[in-house]
Every structure is written in C-alpha cells, then in structure tokens.
Amino acid sequence: DAGRGERVSHGAKDPPRSVAKAMEEARRLISQATNKTQQRVKVPEELEAERKAREEEEREEEELERQCEQWCGKICRIGIVVPLLFSYILHPVGEFLIRPSMVVDTSIDLGDLHAVVTGGCSGMGLHTAAMLAESGASVVLGCRSNRSEGAMRALRTVRDASARWGKRTFGQARAPRVLSLRLDSFASVRAFARQYAAEVGRLQLLVNGAGTREACSLTEDGIEVAFQVNYLGHFLLTRQLLPLLRESASSRVVHVTCREGYVRRAHGWNHWFRDGWLKGWLGWPTPITEGLRVGSNYIETKLGLESEDDGETGHELVADGVDDAADDERQEETRRAPRSTRQPAGIDWSAGCKSERAYVNAKLAVLMFSRELERVLRRSPDSDGTVSHAINPNAVASEYGSRAPTPSSQQQRWTTQSMASYLPPVWITRRIFDFIYSHISTAMMRSVEHGARGVFHVATAPALAAAGGGLFDDAESAFTDCGRPARQCGRVPRSWEPPIVHDRQAAARLWELSEDLVGEKG
C-alpha cells in the first residue's frame, strides 16, 4: 500500500505528456482570446496618423451627405419649380405673345336678322348684342330682370348702337328689347320663349351666352345651379325656339363655352401620370378624357384621343369630311349597350359636388349639346340651313371672369400640400405665388371686346353658315386670313376635343336625360 501511494503521489506531480500539451494549448488559446498576449506598443507618430485617418474618413462621409442633400434639393426644386413655371408662367406668357389679334368682318349687313342674346345685359353678352345691333340686327336681350338698372343701361347701349347703323345706312334703327329670362327656372325659360314667339315671331340667331360660376346649390327645379344655368336652361330654351329657327333659316345657334370645358392639365403624380410622365410633370394641356356627370349619373365614353379626325361636319358635306353613316358604322359596337341605367328621378345633385368641377362639367355638357344638336339638325329634313357652333372666347377681363368659384377647404389643403409645401416657409411661398400668378393672369386676359368679336364672327360669318358642329378658339389660329379655308380658321381640330363629344351614344344619352329633366320629349 505504501508503494502504491508513492506511485499515485508521483503521478500527480508528473502528469502524462499529452495532458501537459493540452493544458499548454488551452492556456495559449485563452491568452489569445483575452488579448493578453504581449503587443507591441505604438509610437506617438503612429497614433497621430491613425487619428488623422479617422478624421479624414469622417470628413469624407460628411461631404458625401452634404452633396446628397444638395442634389436632392436640386432635384426637388427642378421637379416642382419647373412645372410651376411652365404651367403658370411660361405657357401662358407664350400663348399671350403668339395670340392673334381678333380681326373680324364687322361690315356685314344684318338688316334682316333677328337675334336673341342670353346674358345680354352685361359683359361680353352686351358687347356682342351691341355689335349685332350696329350691323343692323334686331336684338332681344335675355336678362334676369327686364326692369333693373343694368337692363336699362344695356337697352340704351344697344339702342345707341342700332342708331349708329341707321345713320350709316340711312335706314330705320331697330328697337332692341329686354325680356326677363332666368335660366335657373324652367318656368321662366318657357315664358320667355312664349313671349318672344308672340311678339317677334322670327329668329335667325340664338346666342347662348349666359352663365354662372355659382355651383353646388339647388335651383327651384331641384337641379344643381351650375348645370342648369350653364347648360340645361339653354337646352330647354333652344328646344323651345327651334321651330322659329327652322322656319327662319338660314339660321344658327352659337353656344359659348370655355377652355376648361374641353381641355385640362395632364394628370401628374397624384394620378400616376396617366397622360404620360412628361405631360404630367409639366402639366401640359390635354383634352378631357373623362366622362360627364349628370348629378349621380355618369356618362362615360370608350372613344380615345386616337380617334380619326372627321374634318368638317355640317349640312353641306365638305370634301375632307366623313359621312355620318360611315362614322355610325365605326361606332356601332359602342352604341349597343346603355351607359347608365339610373333614372333622372333618382339623381342626387349634392353628392361629392365641388364648385370648380361642377362648372367645368356643365361647360363640357354645352359642347356635347352643340355637337349633338348639329347631328339632330342634319338628320332632320326640315332643318336645312340651321346649324350649331360653339366658341371658347377664353378668359376675358369682365366681372363674370373675376367671379371664380371659391375652392373648398379640401382643395385648399391639397393645393398647399402639393405645391407650396415643397418650398418652405409655406405661407410665404403661397402668398408670393398667388400674387404673381393672379397678376400675370389678369394682365393676359383678353378684353371683353376681343371675346365679343369672336362670338360675333361665329354668329355671322357666311363661311360658317353651311358647315356646322365647329368649336372655335383664337388660341388655335386667327379667325380670318389664317392661311386655310375660311371655315377652318380658328376651328379646334378633333384631336383636341374631348372624345365624349364625338361619342354618339354618350351624346344621345345626355340628350335623353336632358329631355327627362326639363320635361320635354320628342
């Protein structure tokens, strides 16, 4: 036992060689892991070099961040400021600089013409009526009140114009009249038509020029005011006076619309650049491709901007036109299914109404009515010599032009967020932008006389007596001496008109709804 104890004690002092190696390796690994191996001490020069290298790296990172911020700022400014400059300054100024002067033939003798001008007691309607009277026409003014001070002033103005014609031609001056006409009342429209037919009985010219920018309230007939005054009231008036126009042919109906009624800015990022990224970025003008709302009814179109241009339309088919039968055949598939199944009795006029959209929608309806009326007249054998035209006189410096609809609070928030909020401080930017834009817009407005001359030309030019269905705009070309046939001067090409205007089924649906709303069938 003593010997065995000695051997055990000796084994504890002298472990086997393999165990010793394992222990040594473990100590080495532990030493490396705990970084306790002996390291070389760095000299001050090396420490200083490392410090400078770290500082240089930090400076490079800061410079890179600063450059990124600068480029992001430039891209944001270019992406926002350039479209604003183009849409609200460069494009309007460019249009102003190349705008043709409104030179029309005012020497035409209208001694045998009887005319009705709605909205004839002020603004462009009054100037148009005076020009007609000064050329010899017998003019009846349709005004909200025939006894107001404004109506009496308008009557004196038109009477003086007629007297000048009498002196110039040694003829008898025509006595103008003022009749009460409230387009927001179907009863008033019918009373006006009855009185005119009884007292005058002849009509060669109807100028549907009255309008309002008031919107989103209901008339006494329960219809949204912008839609009734700008479109539906004139639809009823035209229907009521159409027998006189047919009996007195040659005759014409002139509808006054606006640029917003057929052209809008291309959709931008808020609509995923549906009209193309470049057009959407710059806010380029593009024809309206959406449908038409009649309250809660929606009339859509499947026609696109790529539809063929039909050249001219009218009772006298011109060489470069397309026959209606051929056009009908092309649209046969489109006309089969009805676009809307709701009845007028279920129309909700207040749902989602916004004033500026209601106004634009009504003016689009005016353009559709002008075109469809021409088709109806052409198909009717007793309408030979009666044509329908539309004109956009553009913004004129009148009281009506200054009564723009007040944007809703939601629109004001959208406008601020989409434009001014990108250029802080917001409130300063918005006030500067509004000030510049309002002054530029006012300075570039056409005069009332300019707009009235355009209406006078479309209403009286002999070249437009045979070919109807036109839309005229002096932004397209001069109305006279444009280097093209006279009937094409100032005429907007089909490619710039909304596709729904040329959709026969959509126009027929609007006509049907309008008849139901005003209580006129057939």
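**Overview. Salt bridges in the predicted model.** A search of the whole structure finds 18 salt bridges, a salt bridge being a side-chain nitrogen of Lys or Arg within 4 Å of a carboxyl oxygen of Asp or Glu. The model is predicted, so local features need pLDDT of at least 70 and side-chain atom pairs count only at pLDDT 80 or more, whereas totals for chains, interfaces and linings use all residues. Residues are numbered from 1 along each chain as its sequence is written, and side-chain values use heavy atoms, with hydrogens and water left out.

**View A. The salt bridge between Arg 59 and Glu 56.** The closest N and O atoms of this pair are 2.5 Å apart. Arg 59 and Glu 56 are three residues apart in helix 3 (residues 44–98) and are therefore separated by about one helical turn. Helices (H or I, at least four residues) and strands (E, at least two) are DSSP runs, numbered from the N terminus. Arg 59 is partly exposed, with a relative accessible area of 47%, and Glu 56 is likewise partly exposed, at 36%. Here buried means under 20% relative accessible area, exposed over 50%, and partly exposed in between (1.4 Å probe, protein chains only).

**View B. The salt bridge between Arg 66 and Glu 63.** The N to O distance is 2.4 Å. These two residues also lie in helix 3, three residues apart, which means a separation of about one helical turn. Arg 66 is partly exposed at 38% relative accessible area, and Glu 63 is partly exposed at 32%.

**View C. The salt bridge between Arg 182 and Glu 220.** The side chains meet at 3.7 Å, N to O. The pair links distant parts of the chain, 38 residues apart: Arg 182 is in the loop between strand 3 (177–180) and helix 6 (186–199), and Glu 220 is in the loop between strand 4 (205–208) and helix 7 (225–247). Arg 182 is partly exposed, with a relative accessible area of 26%, whereas Glu 220 is exposed at 54%. Both residues belong to a network of salt bridges that also includes Arg 144 and Asp 184.

**View D. The second largest pocket.** Its volume is about 230 Å³. Of its 17 lining residues, Leu 113, Ser 250, Arg 252, Ala 459 and Thr 460 are the closest to its centre. Strand 5 (251–256) and helix 15 (448–460) each supply at least two lining residues. A pocket is an open set of points on a 1 Å grid over the protein atoms alone, where a 1.4 Å probe fits, with protein on both sides within 12 Å along at least five of seven lines; lining residues have an atom within 4 Å of a point. Grid points are joined across faces, edges and corners, and the volume is the space filled by probe spheres set on the points.
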